[in-house]
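Open the model in your viewer and keep the selection panel at hand.

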Amino acid sequence: MSVAASLRNESLIASFERAGYLRLAPAILQPAGPSPEYQGVLSALAGSDPKAAHALVADLLSIAGTTAVGGRSVGEIADRFLEQATLGAQASFPREISALIEQFLAVAGTPDKAAAELRAFARNAHVALDAALDRFESRTGVLAARGIDVNRILFSTAFGRGVDYYTGVVFELHDPQGLVKGQLVAGGRYDGLLTRLGSPSPIPAVGFAVWVERLARLRSAS
């Protein structure tokens with residue numbers, strides 16, 4: 001995979017992990033063109049292995065005597081250079097992809113309504129989402145079977161938790177009456193987190209954080 005393709009994929013994936021960032025994907029993946037002095041370097045790096053390109057830029061910075069700038073290490077500076085300069089040299093972000101992203105991010109409502117809209121979206125866009133939507137609807141069914149009123153759940157494709165270790169559903173619980181601002185409970189699924197912490201194999205996991213002081217204020221307000 002080329003430097004540009006690798007950075008595009010990483011930037012797009014990161015956009016999915018943060019609420020509202022995916023709407024900025026065209027700008028993220030197609031920033032302003034690089035400075036003219038970068039053009040020669042970019043031509044030399046075009047199509048090269050990302051790790052080799054990173055090592056080359058880091059070595060050049062070290063030779064130039066750069067050790068750290070603004071708290072960033074040489075490696076971090078090299079990452080930033082490759083991300084900004086390489087992506088800026090690419091062709092414009094396809095308009096049809098931008099339109100699909102906007103359509104995707106417009107889906108919101110109860111789980112059943114959202115699932116129906118996403119199936120229609122996938123069918124029209126020729127995107128394979130059946131397996132993911134089957135799991136989504138199965139989860140909704142399990143919640144309903146446990147006595148949860150799923151019609152009180154608001155699903156939104158534009159929602160994200162802003163933490164990159166989540167690998168599945170993410171959620172927040174809020175006071176529907178608005179007596180307390182901010183989430184009361186927030187969390188999600190992170191099957192890959194423990195491997196990042198040293199586990200030799202993936203371990204399915206779901207966790208959440210509770211804002212106890214907000215629950216206390218809510219109890220006092222009610």
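A nonpolar core here is a set of buried Ala, Val, Leu, Ile, Met, Phe, Trp, Tyr and Cys residues joined through side-chain atoms within 4.5 Å. Buried means under 20% relative accessible area. Keep in mind that this is a predicted model.

**Stop 1: the core**

Select Ile101, Phe104, Leu105, Val107, Ala114, Leu118, Phe121, Ala125 and Leu133. These nine residues form the largest nonpolar core. Now colour α6 (95-105) and α7 (111-125); each supplies at least two residues of the core. Which helix gives the most? It is α7, with four residues.

**Stop 2: Phe121**

Stay in the core and centre on Phe121. Hide its neighbours within four places in sequence. What is Phe121 still in contact with? Leu100, Gln103, Phe104 and Leu129. Of these, Phe104 is also listed in the core.

**Stop 3: a pair within α7**

Switch to charged side chains. Side chains of opposite charge can pair when their charged atoms come close. The structure holds six salt bridges.

Select Lys113 and Glu117, which form one of them. Their closest N and O atoms are 2.5 Å apart. Both sit in helix α7, four residues apart, so about one helical turn separates them. Lys113 is partly exposed at 42% relative accessibility. Glu117 is partly exposed too, with a relative accessible area of 29%.

**Stop 4: from α7 to α8**

Next, pick Arg119 and Asp134. Their side chains meet in a salt bridge, 2.7 Å from N to O. Arg119 belongs to helix α7 and Asp134 to helix α8 (residues 130-145), so the pair ties together parts 15 residues apart in sequence. Are these two buried or partly exposed? Asp134 counts as partly exposed, at 44% relative accessibility. Arg119 also counts as partly exposed, at 23%.

Together with Arg119 and Asp134, they are linked in a network of salt bridges.

**Stop 5**

Finally, select Glu172 and Arg161. A salt bridge joins their side chains, at 2.9 Å from N to O. Where do the partners lie? Glu172 is in strand β5 (residues 170-173), and Arg161 is in the loop between β4 (155-156) and β5. The two are eleven residues apart, and the pair links distant parts of the chain.

Methods: Residues numbered from 1 in each chain as written. Predicted model: local features only at pLDDT ≥ 70, side-chain atom pairs only at ≥ 80, totals over all residues. Heavy atoms only, no water. Buried < 20%, exposed > 50% of the residue type's maximum accessible area, 1.4 Å probe, protein only. Contact = heavy atoms within 4.5 Å. Salt bridge = Lys/Arg side-chain N within 4 Å of Asp/Glu carboxyl O.
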